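Here are a few exercises on ligand shells, pockets and cavities. Keep the model open while you work through them.

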Amino acid sequence: MTTLELDGVTKTFGAPDAGGVVAVDDVSLTVDDGEFLVLLGPSGCGKTTTLRMIGGLETPTEGVISFDGTEVNEVKARNRDVAMVFQNFALYPHMNVSQNLGFGLRRENEDRSSEEIIDRIEAVAEMLEIEGLLDNTPAALSGGQKQRVALGRAIIREPRLFLFDEPLANLDASLRKTMRTEIDELQSEVGITSVYVTHNQEEAMSIGDKIAVMNDGRLQQLGTPSEVFNEPSNQFVAQFVGSPDMNLYEGTLTENGDVYRVNVGITEFDLPSGLVQAGDDVLDVVVGFRPQDLFQSRTRQTGGPKIEADLRVVEPLGTEAILYGETEGRAIRATDTQFHDLDEDQSVTLSIAPEHIYLFDANTEELLKGRLMTEREDTGVGEVEVRDGAGAEVRDG
Amino acid sequence: MSYADQALSSYERALGRVPDGVRVYLPILPVLALVGVFILYPIAQAIWTSFTDKHLLRPDEAEFVGVENYGEVWTNPQIHEVLWNTFVWVSVGSIAAIVIGFVLGWLLHEKLPYTSVASAIVLVPWVLPRVVGASIWKFMFGGSQGIINELLVQLGVIDDYVVMLGSTELSLWPPIVGMVWRLAPLFALLTLTSLKGIDRQLYEAARMDGATPWEQFRYVTLPMMRYNLVIGFLLMLIYNIRNFSMVWVMTRGGPGVSSSTLPVMIYRAAFVDFQVGFASALSMLLFAVLLVFSYYYIQVYDKIRGEF
Ligand SMILES: Nc1ncnc2c1ncn2[C@@H]1O[C@H](COP(=O)(O)OP(=O)(O)O)[C@@H](O)[C@H]1O
Ligand SMILES: [Mg+2]
C-alpha cells in the first residue's frame, strides 16, 4: 500500500549541452494509495523512461521520487519492492511457468519454504486461470498466456507498486480488450497502486482512475478520464484524447454584452460569458468540436450553431458512422447513428450544443472553455440547459 | 493462359514414378558422392590399413595381419604415458581455455570499450598460423634466452633458468600453455556472442524480481548460455585432442615421450618409424574418442535447435 510521488523529475540521456535528450522534463505527480494511474502520450514522449525511473531501472537526473514520503532515488530496483510487466513479457525462457512465477518470491527470501512458494504459485495460477500451464516453458505459450504469466509474476509478490509498460501492445485486438478488463479487475481486487503506460487513448480512458497525459517529456495534464476528455488543459490533450480527432478551427472571440461572440469562419455563434474564462475583449481562439458532439440537425436539436457541410465519405462502424465532410474548404468530422440514408456528396446540416464546444487560446493553446455535460444527454433530444459558471460540473460519461 | 503450360514435362513425369523413399535421396546424391570420395573412402582405407602390416619403406607388400596392430597398441610400452599425457593435455587444456576464455568474453561484453576492436585483437592467437604461434611459444619458453624463464626468475618463482622444454617432468606444460593461448580466444568469442544474444530485458525483469547481480548471473546468464557453453566445451575437447602442431613444433613430443599426445605418437609411428599399420590402429583409438565427442556435440546442437 503505497502513495507514489514524483517531484520535479527530469531525465536527460547524454550530456545536456552536448546534444543530450531530455526524455522526461520536470514531471510532478502523485498517485494515491490503490489508485490506477495511466501515463498516456505519443510514442517517444517519455512514458517508459518515467516508469523505469519509478521502478529504479533508471536514475532521475533531477527531482525526487518517493514512496509514502520516503525518497527512493538511491534505492536499487531490487530493493524497491516494485513489480513491472514488460511490453514483450520478458519471461525467463529457460524456466517453466511455475519457476517464472516463483523466481521473485525466492529472491525476496531464500529461506522461504518451498511449500509456501508452491501454495502462492498455485493461488496465483488459479486466479489467472493458468493452472494447467505451470510446467510449460514460455516458448510453448500463446501471447495471451504469456501475458497472464507476466501478470502473475508481478502480483505473486504482492509488491508496493505495479508498473505496466504497454502490456497489451503485443496482443491482438480482441485479446487486448479482454486483458484490459482483466487487468482492471485484478488491480481493483488486489488494490495495489499501479502505473500503466500506453499510447492508446481508448485503453487509457477505459482502465485508468487517473490519466497523466504527457508530450515531449512534459506532463500536460493529470486528471480523471472525464476531466481529461471534457476539460483538456490544452489543445494537445484535446486532440490526443478522443477518437476520431477533434475538429479544430481558428477564430476570434469578441465580448458583446453578457455574451461572447465567436466567429470561426465556417459559423458564428454566441456563448454566455459565464462559460468562458477569458478576460480580454478580442482574442484569437481555436474552437474545437468533438465529432461525437456534432449531430445532423434532422436527428437532434442542439440549440447551438449550425454548419452546412458537403459529405465526402461515410464510414460505417456498425451502429454509427463517421461522416467526413467539407465546409467552406475546411474538413469536418462527425459521428452519427443516422447514416443509412445518407449519400456521399449530399449536404448535411450539422449542429453542436454550445456547452459542448471547446475553446482554446490560439496563442498559448490553453483551454478557455471545456465541455459541459448536460441532462439532455441522457434523454436525447430536449431543451438545452446551460449551467452557470465555468466550474465545469462533470459527471462520468 | 493455357493449361498446356502447366502440364508436367516428361522429366517431371519420370521423377514422379520414382518411389518417394528413393526420390528424397536424389537431390543429395552429388553431396553424397563427394562425402564418399573425400571422407568415407579415406576412413575405410585407414580402417583397412590398421589390419595390415603396411610399412612406408615397402608400401606395396602390406599383408593382412588381423588384430595384431591392436594387440601391439595394448602392449606398447609408451602407450600408457601417451594416453595419460593426452588426458592431461585435453582436460587441463580445455578447462583452462574455458575458464580464461569465459572471463575474457565476459570482460569484452561487460567491461571493455570498443568491443569489436577488442575482439579482433583477442582473436589474433586463433588466426595466427599454428606453426607461427607455436614457434613464438617455443622461443619464449627457451632455456637460455626465453622470456618466461626470465619472468619467473624476476618474480622469484624459480632461482635459475630451467630448461622446461627439455625436461621429462615439465615438457608437457609449455605446449599446454601455448594451446590455451590459442583456444581461449575462440571460447571468449563464443562467450561474447552468447552473452550478446541474451535479451537485456531479462536482466531488468530479474532486477525487478529482486535478483542481485550474482543471482542474475547465476539464474539468467548461466542457464541462458548453457548450451553454448557445452558446445564450446566439446569444441575445446575436439580441438585439443586433435592438436599436433603445438606439441610437435615445441618439443617433438620429447624428451622421450614425455610430451607426446596421441596425435604426436601417431605421427611418429607413421612418419618416423614408417609403421603405417600400427599408426592406423592408433588412429582408430583417436577416431573412437572423437566419435564420442562428436556424438554429444550433435546431440547438444539438436537440442539447441529444438529449444529456439
Ligand atoms: N537509454 C536511452 N538512451 C538515450 N535516449 C533514450 C534512452 N531511453 C529513451 N531515450 C529517449 O528518450 C525519449 C523518451 O523515450 P521513452 O521513454 O522510451 O518514450 P515512450 O515510452 O513514451 O515511447 C525518446 O526520445 C528516446 O529516444
Ligand atoms: Mg515506451
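This is a predicted model: local features need pLDDT of at least 70, side-chain atom pairs count only at pLDDT 80 or more; totals for chains, interfaces and linings use all residues.

**Exercise 1. List the residues around ligand 1, then sort them by class.**

Step 1. Residues count from 1 along each chain as its sequence is written, chains are lettered from A and ligands numbered from 1 in written order, and side-chain values use heavy atoms, leaving out hydrogens and water.

Step 2. Now the classes: Ala, Val, Leu, Ile, Met, Phe, Trp, Tyr, Cys and Pro are nonpolar, Asp, Glu, Lys and Arg are charged, and the others, Gly among them, are polar. That gives a shell of 5 nonpolar, 5 polar and 1 charged residues.

**Exercise 2. Find polar contacts of ligand 1 and say how much of the ligand the protein buries.**

Step 1. Look for pairs of N or O atoms within 3.5 Å. On the backbone side, a polar atom of A:Gly44 sits 2.6 Å from a ligand oxygen, and an N or O atom of A:Lys47 is 2.9 Å from one. From a side chain, an N or O atom of A:Thr49 comes to 2.5 Å from an oxygen of the ligand.

Step 2. On its own, ligand 1 exposes 560 Å², and the protein buries 60% of that (Shrake-Rupley method, 1.4 Å probe).

Step 3. Which elements give two or more residues to this shell? They are β2 (21-31) and α1 (47-55) of chain A, with α1(A) giving the most, 3 residues. Helices here are DSSP runs of H or I with at least four residues, strands are E runs of at least two, and both are numbered from the N terminus.

**Exercise 3. Describe the two largest pockets.**

Step 1. A pocket is an open set of points on a 1 Å grid over the protein atoms alone, with protein on both sides within 12 Å along at least five of seven lines; lining residues have an atom within 4 Å of a point. Points join across faces, edges and corners, and the volume is the space filled by probe spheres set on them.

Step 2. The largest pocket has about 460 Å³. Its lining has 17 residues, with B:Glu110, B:Tyr203, B:Arg207, B:Pro213 and B:Gln216 nearest the centre. By class, the lining splits into 7 nonpolar, 3 polar and 7 charged.

Step 3. The second largest pocket holds about 310 Å³ and is lined by 14 residues. Why does it lie between two domains? Domain 1 (4-239) and domain 2 (244-387) of chain A both give residues to the lining, so the pocket lies between them (bounds from an automatic or database assignment).

**Exercise 4. Find the cavities of 30 Å³ or more.**

Step 1. In a cavity, a 1.4 Å probe fits but cannot get out. There are 2 of them at that cut-off.

Step 2. The largest cavity has about 50 Å³; both chains line it, with residues including A:Met84, A:Arg157, B:Met208 and B:Asp209.

Notes
A residue is near a molecule or strand if one of its heavy atoms lies within 4 Å of it. A polar contact is a pair of N or O atoms within 3.5 Å; within protein, one must be able to donate a hydrogen and the other to accept it, and residues adjacent in sequence count only if both atoms are side-chain atoms.
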